[in-house]
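Please go through the ligand site of this model with me, one question at a time.

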Amino acid sequence: MSFPMNPAEARVDLSAIRDNIALLKEHAPGAETMAVVKADGYGHGLVACGRAALEGGATRLGTAYIREALELRAAGITAPILSWIIPPGEPLDQAVAQDVELSAATPALVDEIARTAHRAGRTARVHLKADTGLTRGGAALDEWPALVDRAMARQAEGTVEVAGLWSHFACADIPGHPSVDAQLAVFDEALVIAEKAGAGGSHVLRHIANSAAVLTLPQARYDMIRAGIAVVGLSPVPELGDFGLRPAMTLVARTALAKRVPAGSGVSYGHLYVTDRETTLGLIPLGYADGVLRHATNRAEVLAGGRRRRIAGRVCMDQFVIDMGDDPLEEGDEVILFGDGSQGEPTAQEWADSLGTITHEIVTRIGSRVPRVYR
Ligand SMILES: *Cc1c(COP(=O)(O)O)cnc(C)c1O
């Protein structure tokens, strides 16, 4: 297969996304599968990632923001979509008109959604969010009954339908963390309160499991799983291995310039790397504006000419340098920053480890200048 001559591109293997969904579904038999495709499908492309996930068997999609859901709708995707970050001024009317399900954690937002639905002559589907211990979004347990009561009142009017009861883990990626059981206990309490208030029918989806929980906490799967990082094939709990997931993205760049320099040459801004011998340097056209974190300076590795090379000197906005020694490198030669590792290249996990971050940040930071190419 041939690719256009982009200076750099992120190649996304959509079959990996489909396979990862199939693997996740095996871990959660009987549950619905929501593929979380926020942040441009974790950098892999919102629409392409969403479509591939649905083809692979996902039954729903999830996004942080309404505008992401609307982009999926504009692309013709009709599957149920839930959006959960709803600051004031969000396009609730468009969300309701296009059947985007909405998370609510306050009676005020339930009311606003209900008013919007009333104006449109529709019923808005709402997932009530409980804060079971993450202490981020969601209604704390003492606010929960009032939230449920308000939603049930609006449901009685016909403007709102309670379609889900949900929460999110703080530490599902830390095996054995005591907060997991504590959160599940609070979630179960919240579910009982909601059921007593009448929000407990079998059509109401109860969900709390992110990727880490799907793969390590069978007791947390409930009626639906919400997986993001595992969908794109990256391990949610790296210390427990890759779970058989397949990384979907390979980030490549073509060498822009190769040149011979003498020993003692200070390389890139700040001269943080100095050649210790006469050597061949390669200029790679990706920089921190493209998501190659500046922190990768003298740290992260790439595959060039069949071998690993550490980034030599400061990562710049648009470029960085590698030191080839006496190995050949020509302009146009492809280097791989990360991929699934099958050609000896680093993985996104290795990049994350060497930069002290998580793979979520490595893939979502890849900038808009880098075309996503699908196969
Ligand atoms: C991002 C997100 C997910 C997916 O998390 P992963 O760890 O990537 O699987 C699930 N639920 C919510 C609310 C999220 O914000």
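Q: How many Å is an oxygen atom of the ligand from an N or O atom in the side chain of serine 211?

A: The model is predicted, so side-chain atom pairs count only at pLDDT 80 or more. Ser211 is listed among the closest of the residues surrounding the ligand. Between an oxygen atom of the ligand and an N or O atom in the side chain of serine 211, the computed separation is 2.5 Å.

Q: What share of the ligand's own accessible area does the protein cover?

A: On its own, the ligand has 390 Å² of accessible area.

Q: Which helix and which strand each supply at least two residues of the shell around the ligand?

A: The ligand is surrounded by 13 residues, the closest including Lys38, Tyr42 and Arg226. By class, the shell holds 6 nonpolar, 5 polar and 2 charged residues. At least two shell residues come from each of two elements, which are helix H2 (38–42) and strand S9 (224–227).

Q: How far from an N or O atom in the side chain of tryptophan 84 is an oxygen atom of the ligand?

A: For the side chain of tyrosine 42, the separation between an N or O atom and a ligand oxygen is 2.5 Å. For the side chain of tryptophan 84, the corresponding separation from a ligand oxygen is 3.3 Å.

Q: Which residues that line the largest pocket are the closest to its centre?

A: The ligand sits in the largest pocket, where about 1,000 Å³ of space lies. The lining divides into 24 nonpolar, 15 polar and 9 charged residues. Of the 48 lining residues, the closest to the pocket centre are Lys38, Arg136, His168, Phe169 and Asn210.

Note on methods: Residues are numbered from 1 along each chain as its sequence is written. This is a predicted model: local features need pLDDT of at least 70, side-chain atom pairs count only at pLDDT 80 or more; totals for chains, interfaces and linings use all residues. Side-chain values use heavy atoms; hydrogens and water are left out. A residue is near a molecule or strand if one of its heavy atoms lies within 4 Å of it. A polar contact is a pair of N or O atoms within 3.5 Å; within protein, one must be able to donate a hydrogen and the other to accept it, and residues adjacent in sequence count only if both atoms are side-chain atoms. Accessible areas come from the Shrake-Rupley method with a 1.4 Å probe; for residues, only the protein chains shown count as cover. On a 1 Å grid over the protein atoms alone, a cavity is a set of points where a 1.4 Å probe fits but cannot get out, and a pocket is an open set with protein on both sides within 12 Å along at least five of seven lines; lining residues have an atom within 4 Å of a point. A molecule sits in a cavity or pocket if more than half of its atoms lie within 2 Å of its grid points. Helices (H or I, at least four residues) and strands (E, at least two) are DSSP runs, numbered from the N terminus. Ala, Val, Leu, Ile, Met, Phe, Trp, Tyr, Cys and Pro count as nonpolar, Asp, Glu, Lys and Arg as charged, and the others, Gly among them, as polar. Grid points are joined across faces, edges and corners, and a volume is the space filled by probe spheres set on the points.
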